[in-house]
Amino acid sequence: MEYLIDEIDRLILTCLVEDARMSLKVLSGRVGLSSPSTAERLKRLEEKGVVEGYAARVNLMALGYTLQALVRVRPLPGLLQKVDNYIQAMPECIESDKVTGEDCFVIRLVVRTIEQLDTLLDGLAEYAQCNTSIVKSSPVKRRLPPV
């Protein structure tokens, strides 16, 4: 179900994507409404499922994850569910998309060493063919699409 939003809702979403911990007072000032009006709009966005939650952006490098890899995964015949379960159980897998085309999944792994990546890929190789690309940089961070 599509929920139509106006320019103020767009501005609220943009501000929250920028800083989810922004105080209601600051948010109200940015969107040009009173705090109660802003709170009501925010509550409505949450109730309609437009805002699903609030999260922290974590610097993976600061946690020692020096490498990221995008892995296209093609399960061996009859092992689709096993691969799906395996991927979901991998703590190093921070994103997984089920996709169309020759591959069934595209996953993002974070690792501290190339040896750790090799170990993870060896485990997946029992159930699937993998094509791996090391991430050099991420010029576009996750952002709000046009709303």
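Buried means under 20% relative accessible area, exposed means over 50%, and partly exposed is in between (1.4 Å probe, protein chains only). Keep that handy for the tour.

You're looking at a predicted model, where local features need pLDDT of at least 70, side-chain atom pairs count only at pLDDT 80 or more, and totals for chains, interfaces and linings use all residues. Residues are numbered from 1 along each chain as its sequence is written, and side-chain values use heavy atoms, with hydrogens and water left out.

**Stop 1: helix α1**

Select residues 7-18, which make up helix α1. Helices are DSSP runs of H or I with at least four residues, strands are runs of E with at least two, and both are numbered from the N terminus. Click on D9: buried or exposed? With 3% relative accessibility, D9 is buried. Leaving aside residues up to four places away in sequence, D9 touches Y3, R41 and L45 (contact means heavy atoms within 4.5 Å).

Now show the side chains of R10 and E7, which meet in a salt bridge at 3.7 Å, N to O. That term means a side-chain nitrogen of Lys or Arg within 4 Å of a carboxyl oxygen of Asp or Glu. R10 and E7 sit 3 residues apart in α1, about one turn of the helix. Why does that spacing matter? An α-helix has 3.6 residues a turn, so residues three or four places apart point the same way.

**Stop 2: a bridge to helix α2**

Next, pick E18 and R30, another salt bridge (3.3 Å, N to O). E18 is in α1 and R30 is in α2 (residues 24-31), so this pair ties together parts 12 residues apart in sequence.

**Stop 3: R74 and E102**

Jump to R74, whose salt bridge with E102 has its closest N and O atoms 2.8 Å apart. R74 is in strand β1 and E102 is in the loop between β2 (93-98) and β3, so to speak distant parts of the chain, 28 residues apart. E102 is exposed at 62% relative accessibility.

**Stop 4: helix α5**

Finally, select residues 114-125, helix α5. Which residues here are buried? They are L117, L120, L121, G123 and L124. Looking down the axis of α5, the buried residues fall within an arc of 155°, so they line one face of the helix; the arc is that of the directions from the helix axis to the C-beta atoms. On the other side of α5, E115, T119 and D122 are exposed. Cover for the buried residues includes β1 (67-75), α4 (80-89), β3 (105-111) and β4 (128-134).

Note on methods:
The expected span of a helix is 1.5 Å times one less than its number of residues.
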